[in-house]
Amino acid sequence: MLWMLEQNPNIRTVCLCLDHDAAGIEANGRLTDILREHSYDEVGVLQSECKDWNEDIKARHGLPSQEAEEHPQLIVAPEVCGRISACMAECSATDRLERELVYAFQRYEKDLRADRVDAAMECIEWASALALTAYNRELRQMGEHCSTEKLLDELQRHILPHRNRGSLKSRRAELTTQLHRILEKASVPGIRSEDEKQDLAKGWLELAVSFAKVPVKYEADILQQQQKQEHVETKYEMTMTT
């Protein structure tokens with residue numbers, strides 16, 4: 001892709017047309033990142049209606065075609081963000097917010113170590129809601145007003161499958177470091193410059209996204225296993241009937 005673009009320096013707009021399945025969706029994300037790193041800012045994604053473009057042609061001619069497959073993370077993300085929204089309704093941007101956030105994260109770690117995964121997911125969703133509330137607090141202090149719907153939309157847009165890989169246990173240290181970093185920034189006394197305010201707000205949003213990615217990945221993995229099992233069962237039933 002990059003070689004082709006190097007041969008055609010006049011091309012500045014790129015449209016990615018990969019398979020409409022989990023692998024294709026993740027590849028769209030990775031290639032978009034690579035293109036933007038190479039200063040291609042106008043990057044679009046065009047998806048086939050079926051699994052790929054050949055399957056679309058087959059469908060147009062009335063032939064059996066393979067259906068598109070949505071990425072499991074994109075399927076479960078709206079529901080997870082909906083629960084985070086419900087948690088936000090019970091959060092308040094008070095001075096205790098940071099302490100509540102630390103407590104929620106500590107409970108998450110404790111439940112995860114004890115293999116109480118469902119309880120751990122509830123705690124990390126609370127932590128995400130608290131971080132998002134802190135983000136909204138910083139926006140208000142800068143004179144920006146953002147509705148809950150807009151906040152959740154922003155949260156969901158930042159949950160990208162190609163950037164949400166790896167096991168739950170492997171990311172604990174990274175989340176801990178990220179949490180401590182933003183708490184240190186927030187605790188610095190004195191009047192902040194405009195850039196410092198923007199940087200602090202960005203840090204809270206990034207933390208909320210990192211926390212939200214955890215239950216999204218967990219539930220997507222469960223969904224993926226269910227889909228595989230259903231596929232095996234369907235294939236077995238078809239074999240038995242023939």
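Here are some friendly notes on the predicted model shown above.

1. First, the ground rules. In this predicted model, local features need pLDDT of at least 70 and side-chain atom pairs count only at pLDDT 80 or more, while totals for chains, interfaces and linings use all residues. Residues are numbered from 1 along each chain as its sequence is written, and side-chain values use heavy atoms, with hydrogens and water left out.

2. On the overall layout, the protein has nine helices and two strands; helices (H or I, at least four residues) and strands (E, at least two) are DSSP runs, numbered from the N terminus. Their order along the sequence is α-β-α-β-α-α-α-α-α-α-α. The C-alpha trace spans about 70 × 55 × 30 Å along its principal axes.

3. Of the 242 residues in the protein, 40% are buried. Here buried means under 20% relative accessible area, exposed over 50%, and partly exposed in between, with a 1.4 Å probe and protein chains only. Taking contacts (heavy atoms within 4.5 Å) between residues at least 6 apart in sequence, 73% join residues at least 24 apart.

4. Do look at helix 4 (residues 72-88) and helix 6 (residues 117-141), whose axes come within 8 Å and cross at roughly 65°. Axes are lines fitted to C-alpha atoms, for helices over the stretch in contact, and angles run from 0 to 180 degrees between N-to-C directions. The crossing is right-handed, that is, the near helix is turned clockwise from the far one by less than a right angle. Helix 4 contributes Val80, Arg83, Ile84, Cys87 and Met88 to the contact, and helix 6 contributes Glu125, Trp126, Ser128, Ala129, Leu132 and Thr133. These residues comprise seven nonpolar, two polar and two charged, where Ala, Val, Leu, Ile, Met, Phe, Trp, Tyr, Cys and Pro count as nonpolar, Asp, Glu, Lys and Arg as charged, and the others, Gly among them, as polar.

5. Helix 7 (residues 148-157) has Leu151, Leu152, Glu154 and Leu155 as its buried residues. Seen down the helix axis, these fall within an arc of 160°, so they line one face of helix 7; the arc is that of the directions from the helix axis to the C-beta atoms. Glu149, Lys150 and Arg157 are exposed on the other side of helix 7.

6. Which cysteine sulfur is closest to that of cysteine 15? It belongs to cysteine 17, at 4.0 Å, which is too far for a bond, as a disulfide is a pair of cysteine sulfur atoms within 2.5 Å. Cysteine 15 is partly exposed, at 47% relative accessible area, and cysteine 17 is partly exposed as well, at 38%. The whole structure has zero disulfides.
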